[in-house]
Amino acid sequence: MDQLVVRGGRRLEGSVSIAGAKNAALPQIAAALLSDRPVTLSNLPRVSDVASMLDLVAGYGVHVEAIGAHQARLDPGSAQNGAAHYELVRRMRASVLVLGPLLARFGEARVSLPGGCAIGARPIDLHVKALAALGAQVDMEGGYVVASARGGLRGARIVLQNPSVGATETALMAATRARGETEILNAAREPEVADLCALLLAMGARIEGAGTHRILVQGDQPWRAASHEIIPDRVEAGTYGIAAAITGGRLELEGARLEHMASVCQVLESVGARIWPGDRGLMVERAGALKAADITTEPYPGFPTDLQAQFMALMAIAEGASMIRETVFENRFMHVPELARLGVDVTLQGTTAFVRGGRRLKGAPVMATDLRASVCLLLAGLAAEGETVVGRVYHLDRGYEALDRKLVRCGADIERVGA
Ligand SMILES: CC(=O)N[C@H]1[C@@H](OP(=O)(O)OP(=O)(O)OC[C@H]2O[C@@H](n3ccc(=O)[nH]c3=O)[C@H](O)[C@@H]2O)O[C@H](CO)[C@@H](O)[C@@H]1O
Ligand SMILES: C=C(OP(=O)(O)O)C(=O)O
């Protein structure tokens, strides 16, 4: 298992190219199962979750042809229904996103229950309710979700209890093959959901309201071959923005889109970063002393939960005390005890973390528990004196393309070693 050895204290300067968004790529790969027409996706990030999702759809008979490093042609012409096994599903929760497309296309689907993970229980009840509203019979059998709709799905009004990203995506994909109109209310407004709508539109679906709380789908339209370029990863861009701020540096985030990052940029500016549009993306630099600020994670357009851990690392060295409230996942503070090993001073009270800033961090061996926790430890390591060794780097490789190489090019001292 690889480890990253970080020797901190270096100022970062340079340009990082932002990859395509993992969280947009995963549902779009699943969406290819909806029709029998090929889908070509470009700007695919080279991360292990994307490789696993491509393996998953290939397991259903989708012919996957890589075109260079960041593009793939998915031909679902001879796809067949089967069961998504626990081994694949447990590696990556997003694999549950094949449920809607399989059910919609084949009239039945059997997908292993994804189970919880380090950040929370993550039930799929809202996915199930959405499919049931469209007329499916959904049962749990021996750890599998078994869904059927032999006579086909029917358009319906789906009111989501919370604006779940995944449940909105399941509802959307299934609705494209349902007879008649589907209205999805309290839909997630994340750019990744809007990007899925863009792909579905290119595939022939009729959708209105992408990026809003109310999405309307006219189902059962003729399918066509489609090509789509995945949006840049706003979480990756935010992570590098924090890397610039935490090292007192200056980075160009090539390809980053300000319109997807308003809340993040506002928070980073409030703590002492300067952010401005550059010729090729966004420029971020630390403008002076870092100040503390309170944040609350929220569904888009609020501050993203996927940047909460990274922001905590930044607050550890900012002057003053900050309060970080996590409202999206019930257990997303697994990084706290590991950050403490580097000298970060955090007290947890339920879903709120109180960070006393202004600490001088000292390198230590730390262990990642999930994707964003691992990158937060790396960021803290960049700001710490001495050597930090981050273990279980496979978490990081799930969602960051060549993170260590990109940072090294900007002046970081990071070495990847096989443990
Ligand atoms: C692959 C992908 O896109 N992952 C993202 C997606 O995850 P994911 O789609 O799993 O996140 P959701 O928006 O569905 O989850 C939000 C909250 O709703 C709860 N919930 C969700 C579904 C359900 O059926 N029942 C239920 O109770 C979850 O446990 C969580 O507390 O959005 C999250 C919130 O922005 C991000 O952190 C993840 O990076
Ligand atoms: C939680 C995340 O991903 P997933 O939903 O795939 O676990 C993430 O990207 O931070």
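Tutor: Two residues are said to be in contact if their C-beta atoms, placed from the backbone, lie within 7 Å. Leaving out residues up to four places away in sequence, C117 touches R93, R122 and D370. The model is predicted, so local features need pLDDT of at least 70 and side-chain atom pairs count only at pLDDT 80 or more, while totals for chains, interfaces and linings use all residues. Residues are numbered from 1 along each chain as its sequence is written, and chains are lettered from A and ligands numbered from 1 in the order in which they are written.

The interest in C117 comes from the record: an unreviewed UniProt entry lists C117 under "active site". The annotation "modified residue: 2-(S-cysteinyl)pyruvic acid O-phosphothioketal", also from an unreviewed entry, covers C117. UniProt positions are given in the numbering used here, feature names are shortened, and annotations may be inferred rather than shown by experiment.

C117 is found in the loop between strand 7 (108-112) and helix 5 (125-133). Helices (H or I, at least four residues) and strands (E, at least two) are DSSP runs, numbered from the N terminus. A residue is buried if 20 or more other C-beta atoms lie within 10 Å of its own, exposed if 12 or fewer, and partly exposed in between, with C-beta atoms placed from the backbone. C117 counts as partly exposed because it has 16 C-beta neighbours inside 10 Å.

After helix 5 comes G135, which has a positive phi, near 105°.

A residue is near a molecule if its C-beta atom, placed from the backbone, lies within 6 Å of it. Around ligand 1 there are 21 residues, of which N23, L126, S164, V165 and G166 come nearest. Helix 1 (22-31), helix 5 and helix 6 are the elements that give two or more residues to this shell. By class, the shell around ligand 1 holds 9 nonpolar, 7 polar and 5 charged residues, where Ala, Val, Leu, Ile, Met, Phe, Trp, Tyr, Cys and Pro count as nonpolar, Asp, Glu, Lys and Arg as charged, and the others, Gly among them, as polar.

The domains complete the picture. The chain is divided into domain 1 (2-19 + 232-418) and domain 2 (22-229), with bounds from an automatic or database domain assignment. Their contact takes 19 residues from domain 1 and 15 residues from domain 2. Both domains give residues to the shell around ligand 1, so ligand 1 lies between them.
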